[in-house]
Amino acid sequence: MKYVLSSAIILLCLAAAKFIMHSIGGSFPAPLLAMVILLLLLLTGIVKEHQLKPCASPILNIMPIFFIPAGVGFIEHLGLIKSHWPFLVAIILLVPISTLLLVSSVIAYFKGRVNND
């Protein structure tokens, strides 16, 4: 029974995410939205960790298998990656650096604002 409840919670989050993405016509991946919904349910205490563990633990044990399609896709587009590697390297370096600078600036602004009260 605990496996049914655990898998039902996970599948309901995925179904809710797919419904939301279908309703708004968005292009955000539904599994990622499902993980956000599940995270919110866990943070609010609506769903407890022990309720998810029976089904989530075996899935987490075989998690590396889920990265095989991404690796195969990467190798299939190796020629494209080779032709655009300077742009990709620039993006890989500039996006995290700019994100860090932006987030640190925002946090410094709000933290300084709180400390000056």
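1. Ser-6 sits in helix 1 (helices here are DSSP runs of H or I, at least four residues, and strands are E runs of at least two, numbered from the N terminus). Keep in mind that this is a predicted model, where local features need pLDDT of at least 70, side-chain atom pairs count only at pLDDT 80 or more, and totals for chains, interfaces and linings use all residues. Residues are numbered from 1 along each chain as its sequence is written, and side-chain values use heavy atoms, with hydrogens and water left out.

2. Ser-6 is buried, at a relative accessible area of 0% (buried is under 20%, exposed over 50%, partly exposed in between, with a 1.4 Å probe and protein chains only). Its side chain reaches the backbone oxygen of Leu-52 at 2.8 Å. Beyond its neighbours within four places in sequence, Ser-6 is in contact with Gln-51, Leu-52, Lys-53, Pro-54, Cys-55 and Ala-56 (contact: heavy atoms within 4.5 Å).

3. Helix 1 itself runs over residues 2-24, and its 23 residues reach 33 Å from first C-alpha to last, close to the 33 Å expected at 1.5 Å a residue (the expected span is 1.5 Å times one less than the number of residues).

4. Along with Ser-6, the buried residues of helix 1 include Ile-9, Cys-13, Ala-17 and Met-21. An α-helix has 3.6 residues a turn, so residues three or four places apart point the same way. The cover over the buried residues of helix 1 includes helix 2 (30-44) and helix 3 (49-61).

5. On the helix 2 side, look at Ile-37. Leaving out neighbours within four places in sequence, Ile-37 is in contact with Cys-13, Ala-16, Ala-17 and Ile-20. The C-alpha atoms of Ile-37 and Ala-16 are 8.5 Å apart, though 21 residues separate the two along the chain.

6. An unreviewed UniProt entry annotates "transmembrane region" at residues 27-47, 59-81 and 87-110 (positions are in the numbering used here, feature names are shortened, and annotations may be inferred rather than shown by experiment). In the model, residues 27-47 are 71% helix and 0% strand, with end C-alpha atoms 27 Å apart. Residues 87-110 are 100% helix and 0% strand, and their end C-alpha atoms lie 34 Å apart.

Terms used:
Polar contact = N/O pair within 3.5 Å; in protein donor to acceptor, adjacent residues only side chain to side chain.
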